[in-house]
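Take a look at the chain below.

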Amino acid sequence: MRDHPRNPSGTGAEAAPAVWTGRATNKAQWVLAAAGAACLALGVELAVTSNWTSGIAPLLMSVIGCVAAGLLMLFGTLAFVNVAVRVDGDALEVRCGHMGLPRRRILLTHVVGAEFVPRVTPRHWGGWGYRWRPEQGMAVVVRRGEGLVLKLGDGRTFTVTVDDAEEGVRFIRERLQLPAADAAAGG
C-alpha cells in the first residue's frame, strides 16, 4: 500500500489538479503504416533492380507512384496513431502522432461548453485523422470510442477522441465554472 500525499494546507480537502492529460491510441493504424512502408520499398526495389527494358516512362511512373503512395500512407497514418490532450488553466492542447503534429490549441476563454460523448466513430467523421464537416465542426479522431466535445464561442464545435474523456469534461467545466451535466439537464 502506498501513502498518497494530502493537501499541504492541512484542511483535509484534496487540492484539484492543475493539469489534466489524456491519450488515445489506435494500434490498427500500424498496419496501414506497414503497407505504406511496403509501397515505398517496392518503389525503391523497382528503381534499383529493374532492367529498364519496358522503357523509361512506364518505369519512372511506377517508381514515382509507389514512392509517393508509400510516403503518403506511411506519414499520413503515423501522424494519427495516437493523440495527446492536455488541459491546463489557460487552454486545451491537442497533439497528434509521435512528433506532436498536427497540433491544435484552443484557449479556454473561447470555450462556452464541454460535453462527454460516449461513442465517436470514424464513420461519423469520414475516417481517421483531423476532420472537418460543415454540420459537425472539427474533430481529431484516432479511434472509435469516447470523446469530448468543446462548444466554442463562435458556434463551432471541436471533438477529440481520448481515453477518460468524462474526467476531461469535468475538469474543463470546473475551470470554466460551468454546471455539471446532471444539473444542466434539469436533474
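Strands β6 (residues 129-133) and β7 (residues 137-141) pair in the antiparallel sense, over five bridges. Two strands count as paired if DSSP finds at least two bridges between them. With three residues between them, β6 and β7 form a hairpin. W132 has its bridge partner in β7: it is M138.

This is a predicted model; local features need pLDDT of at least 70, side-chain atom pairs count only at pLDDT 80 or more, and totals for chains, interfaces and linings use all residues. Residues are numbered from 1 along each chain as its sequence is written, and side-chain values use heavy atoms, with hydrogens and water left out.

Now step back to the whole chain. It has five helices and nine strands. Both are DSSP runs numbered from the N terminus: helices are H or I with at least four residues, strands are E with at least two. From the N terminus on, the order is β-α-α-β-β-β-β-α-β-β-β-β-α-α. Of the 187 residues in the protein chain, 35% are buried. Buried means under 20% relative accessible area, exposed means over 50%, and partly exposed lies in between (1.4 Å probe, protein chains only). The protein chain exposes about 11300 Å², and carbon and sulfur atoms supply 60% of that area. Accessible areas come from the Shrake-Rupley method with a 1.4 Å probe; for residues, only the protein chains shown count as cover. A contact means heavy atoms within 4.5 Å.

Next comes a sheet. Four strands form it, in the order β1-β2-β3-β4. The sheet is open and the pairing is antiparallel. Its edge strands are β1 and β4 (103-107), each of which pairs on one side only. From one strand to the next, the twist averages 10°. Inside the sheet, β2 and β3 pair over five bridges, in the antiparallel sense. There A84 stands opposite R95 in β3. Helix α4 packs on the sheet and touches β1, β2 and β3. The direction of α4 makes about 150° with that of β1. Here axes are lines fitted to C-alpha atoms, for helices over the stretch in contact, and angles run from 0 to 180 degrees between N-to-C directions.

What does the largest nonpolar core hold? It has 26 residues. Those with the most contacts inside it are V83, V85, L92, V94, L148 and L150. The elements that give two or more residues to this core are β1 (20-25), β2 (82-87), β3 (91-96), β5, β8, β9 (157-161) and α4 (165-176). Helix α4 gives the largest share, four residues. A nonpolar core is a set of buried Ala, Val, Leu, Ile, Met, Phe, Trp, Tyr and Cys residues joined through side-chain atoms within 4.5 Å. Look at V94 in particular. Not counting residues up to four places away in sequence, V94 touches V83, A84, V85, P102, R103, R104, V140, F158 and V160.

Charged pairs come next. Side chains of opposite charge can pair when their charged atoms come close. The structure holds seven salt bridges. Each is a side-chain nitrogen of Lys or Arg within 4 Å of a carboxyl oxygen of Asp or Glu. One of them joins K151 and E115, with the closest N and O atoms 3.2 Å apart. K151 lies in strand β8 (residues 145-152) and E115 in strand β5 (residues 111-120), so this pair ties together parts that are 36 residues apart in sequence. K151 is partly exposed, at 35% relative accessible area. E115 is partly exposed too, at 35%.

R95 forms a salt bridge with E93, and their closest N and O atoms are 3.3 Å apart. R95 is partly exposed at 33% relative accessibility, whereas E93 is buried at 16%. R156 forms a salt bridge with D154, with the closest N and O atoms 2.7 Å apart. R156 is partly exposed at 45%, and D154 is partly exposed at 48%.

End at a glycine. Where is G65 placed? It sits in helix α2 (residues 56-78). G65 is partly exposed, with a relative accessible area of 35%. The C-alpha atoms of G65 and L40 are separated by 9.2 Å, and the two residues are 25 apart along the chain.
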